[in-house]
Amino acid sequence: SQQGEEDPQALSIQEGENATMNCSYKTSINNLQWYRQNSGRGLVHLILIRSNEREKHSGRLRVTLDTSKKSSSLLITASRAADTASYFCATGAAGNKLTFGGGTRVLVKP
Amino acid sequence: GAGVSQSPSNKVTEKGKDVELRCDPISGHTALYWYRQSLGQGLEFLIYFQGNSAPDKSGLPSDRFSAERTGGSVSTLTIQRTQQEDSAVYLCASSLRVTNEKLFFGSGTQLSVL
């Protein structure tokens, strides 16, 4: 079973707009990570946020974490066509494996 | 090596045959994961190796699936008597230390069972 579930499943936006996607999870975690996947093959790590952090930034990416609601959001600002990809959240608990959600497919139209 | 290497990149086999998929993790990475991804779906956890500890095999879908990691480095995922539902991309990932840290993924093996 998947620990994290992304919402929405798919998102279509115009270049320059912001893209927001959410991840909900069920059990306690010690960190939450976001990954990007192009062309259905290897995933690339984007950002890691620990359970004692509430917000983190990396370039055009902003991640928030609300442990009380067991949810996280990923915001991509000023999107570009190259941001077209699938985005996955992954959750890790102490001493445990990373489990991934089903992903959000993002299409950025030029 | 510079990254996680998986071979072969594509494998076509006939139903009932055995296949072996190989993963070379980044040198020095102690944790190694195998995931499976069906078309358009999320990643399904299969198995996880961490150093010399017993592997977490809780995600293996049946006893036709097995994996080993020799010398704490290279890993092989073996699927016996392949079925059409085994068709998927098999992804390997490694991380530097203990659990839950940033994963580095290989490009995967696309397995097609005819």
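Buried means under 20% relative accessible area. The legends below use the word in that sense and describe a predicted model.

**View 1. A:Asp83 and A:Arg60 form a salt bridge in chain A.**
A:Asp83 has a relative accessible area of 7%, so this residue counts as buried. Its side chain meets that of A:Arg60 in a salt bridge, with 2.9 Å from N to O. The pair joins distant parts of the chain, 23 residues apart. A:Asp83 sits in the loop between β8 (71-76) and β9 of chain A, and A:Arg60 in the loop between β6 (55-58) and β7 (61-66) of chain A. A:Arg60 is partly exposed, at 22% relative accessibility.

**View 2. A:Arg62 and A:Glu55 form a salt bridge in chain A.**
The closest N and O atoms of A:Arg62 and A:Glu55 are 3.1 Å apart. A:Arg62 is partly exposed, with 29% relative accessibility. A:Glu55 is also partly exposed, and its relative accessible area is 41%. Over all chains, the structure holds 7 salt bridges. Side chains of opposite charge can pair when their charged atoms come close.

**View 3. Chain A and chain B meet at an interface with 1 salt bridge.**
On the two sides, 25 residues of chain A are in contact with 26 residues of chain B. The chains bury about 1700 Å² between them, and 49% of this area is on carbon and sulfur atoms. The salt bridge joins the side chains of A:Arg50 and B:Glu101, at 3.5 Å from N to O. Between chain A and chain B, 4 residue pairs are in polar contact, counting pairs with both residues at pLDDT 80 or more. On the side of chain A that touches chain B, β4 (31-37), β5 (43-50), β9 (85-92) and β10 (98-100) each supply at least two residues. That side of chain A has 8 nonpolar, 13 polar and 4 charged residues.

**View 4. Aromatic residues of chain A and chain B form one cluster.**
Over all chains, a search of the whole structure finds 8 aromatic pairs. B:Tyr33 and B:Tyr35 are stacked, because their ring centres are 5.7 Å apart and their planes are at 10 degrees. Both B:Tyr33 and B:Tyr35 are buried. B:Tyr35 also forms an edge-to-face pair with B:Phe45, with 6.1 Å centre to centre and 75 degrees between the planes. This second pair ties together parts that are 10 residues apart in sequence, because B:Tyr35 lies in strand β4 (residues 31-37) of chain B and B:Phe45 in strand β5 (residues 44-50) of chain B. The relative accessibility of B:Tyr35 is 0%, and B:Phe45 is buried at a relative accessible area of 10%. The cluster consists of A:Tyr35, A:Phe100, B:Tyr33, B:Tyr35, B:Phe45, B:Tyr48 and B:Phe105.

**View 5. B:Arg36 and B:Glu44 form a salt bridge in chain B.**
The closest N and O atoms of B:Arg36 and B:Glu44 are 3.0 Å apart. B:Arg36 is buried, with a relative accessible area of 11%. B:Glu44 is partly exposed, at 32% relative accessibility.

**View 6. B:Asp86 is a buried loop residue of chain B.**
B:Asp86 has a relative accessible area of 2%. The loop that holds B:Asp86 runs between β7 (75-79) and β8 (88-95) of chain B. A polar atom of the side chain of B:Asp86 lies 2.8 Å from the backbone nitrogen of B:Gln83. Leaving aside neighbours within four places in sequence, B:Asp86 is in contact with B:Arg36, B:Arg64, B:Phe65, B:Ile79, B:Leu111 and B:Val113.

**View 7. B:Ala88 is a buried residue in strand β8 of chain B.**
The relative accessible area of B:Ala88 is 4%. Apart from neighbours within four places in sequence, B:Ala88 is in contact with B:Arg36, B:Gln37, B:Ser38, B:Thr109, B:Gln110 and B:Leu111. B:Ala88 and B:Val113 are 25 residues apart along the chain, and their C-alpha atoms are separated by 8.9 Å.

Note on methods: Residues are numbered from 1 along each chain as its sequence is written. Chains are lettered from A and ligands numbered from 1 in the order in which they are written. This is a predicted model: local features need pLDDT of at least 70, side-chain atom pairs count only at pLDDT 80 or more; totals for chains, interfaces and linings use all residues. Side-chain values use heavy atoms; hydrogens and water are left out. Rings of Phe, Tyr and Trp (its six-membered ring) pair if their centres lie within 6.5 Å; planes under 30 degrees apart count as stacked, over 60 as edge-to-face and the rest as tilted. Buried means under 20% relative accessible area, exposed over 50%, partly exposed in between (1.4 Å probe, protein chains only). Helices (H or I, at least four residues) and strands (E, at least two) are DSSP runs, numbered from the N terminus. Contact means heavy atoms within 4.5 Å. Buried area is the accessible area (1.4 Å probe) that two parts lose on being put together, summed over both. A salt bridge is a side-chain nitrogen of Lys or Arg within 4 Å of a carboxyl oxygen of Asp or Glu. A polar contact is a pair of N or O atoms within 3.5 Å; within protein, one must be able to donate a hydrogen and the other to accept it, and residues adjacent in sequence count only if both atoms are side-chain atoms. Ala, Val, Leu, Ile, Met, Phe, Trp, Tyr, Cys and Pro count as nonpolar, Asp, Glu, Lys and Arg as charged, and the others, Gly among them, as polar.
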